[in-house]
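Here's a quick briefing to read alongside the model. Take a look at the fold first, then work through the notes below.

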Amino acid sequence: KMFGLGLALVLPFMFLAAGWTFLIESWLGPQPDQAIVDTLRSTNGGQEQAMGLFYAVLIAPLAEEIVFRGFLQGALMRMMSVPLAIVGSSVLFGASHFVDPITVVPLSLMGGCLGWLRWKSGSLWPAWAMHIGNNGLALGLEMML
């Protein structure tokens, strides 16, 4: 049930992120693509691109969920209230993506959703499902544009 909820939250988050991007680009002008998108576009397809997608869609979300929702949020929940632990791990999650500053705010908000899923389910699987769905959809759309 929570796994399905994680996947169902991907589209609303995508709309939120698109709105944020539109707002920022209306104010600051067009922003550069994320580094992973540039890297994937610079390959000629084939095995190199497939490995990049595999990393970006499956491996990176797994590693980030283990670190931010598993280790960090788990440790913070032992030291403070659950809401503060979720906010703390979410802000750090967003900040860890500062290489692409436009994504810090929406990714911090996504981190909150991921943290809530982790807390409510008691498992990393629903958060990982949402993270995979987000990265897969975002990269798929970016690669098509």
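You'll find T103 in the loop between α5 and α6; helices here are DSSP runs of H or I with at least four residues, strands are E runs of at least two, and both are numbered from the N terminus. Leaving out residues up to four places away in sequence, T103 touches Q34 and H97, where contact means heavy atoms within 4.5 Å.

**What you're looking at**
- This is a predicted model, in which local features need pLDDT of at least 70 and side-chain atom pairs count only at pLDDT 80 or more, while totals for chains, interfaces and linings use all residues.
- Numbering starts from 1 along each chain as its sequence is written, and side-chain values use heavy atoms, with hydrogens and water left out.
- The average pLDDT (the predictor's confidence in each residue, from 0 to 100) is 87 for the chain, and 99% of the residues score at least 70.

**The α6/α7 pair**
- Two packed helices are described by the angle between their axes and the distance between the axes.
- For α6 (residues 104-121) and α7 (residues 125-144), the axes come within 8 Å and cross at roughly 150°; axes are lines fitted to C-alpha atoms, for helices over the stretch in contact, with angles from 0 to 180 degrees between N-to-C directions.
- That makes α6 and α7 roughly antiparallel to each other, given that angles over 145 degrees count that way, under 35 as roughly parallel, 65 to 115 as roughly perpendicular and the rest as oblique.
- On the α6 side the contact uses M110, C113, L114, L117 and S121, and on the α7 side P126, A127, M130, H131 and N134.
- Sorted by type, the residues of this contact are seven nonpolar, three polar and no charged; Ala, Val, Leu, Ile, Met, Phe, Trp, Tyr, Cys and Pro count as nonpolar, Asp, Glu, Lys and Arg as charged, and the others, Gly among them, as polar.

**The cores**
- The largest nonpolar core has 16 residues, and F13, F93, L107, M110, L114 and M130 have the most contacts inside it; such a core is a set of buried Ala, Val, Leu, Ile, Met, Phe, Trp, Tyr and Cys residues joined through side-chain atoms within 4.5 Å.
- Helices α2 (10-28), α4 (46-79), α5 (82-95), α6 and α7 each supply at least two residues of this core.
- A second, separate core has five residues, including L40, A56, V57 and L139.
- Setting aside neighbours within four places in sequence, F13 is in contact with P106, L107, M110, M130 and N134.

- G74 sits in helix α4 and is buried, at 6% relative accessible area.
- Not counting residues up to four places away, G74 touches R69 and R118.
- F22, in helix α2, counts as exposed at 62%.
- W125, in helix α7, also counts as exposed, at 53%.
- A8, in helix α1 (residues 2-8), counts as partly exposed at 48%.

Terms used: Buried means under 20% relative accessible area, exposed over 50%, partly exposed in between (1.4 Å probe, protein chains only).
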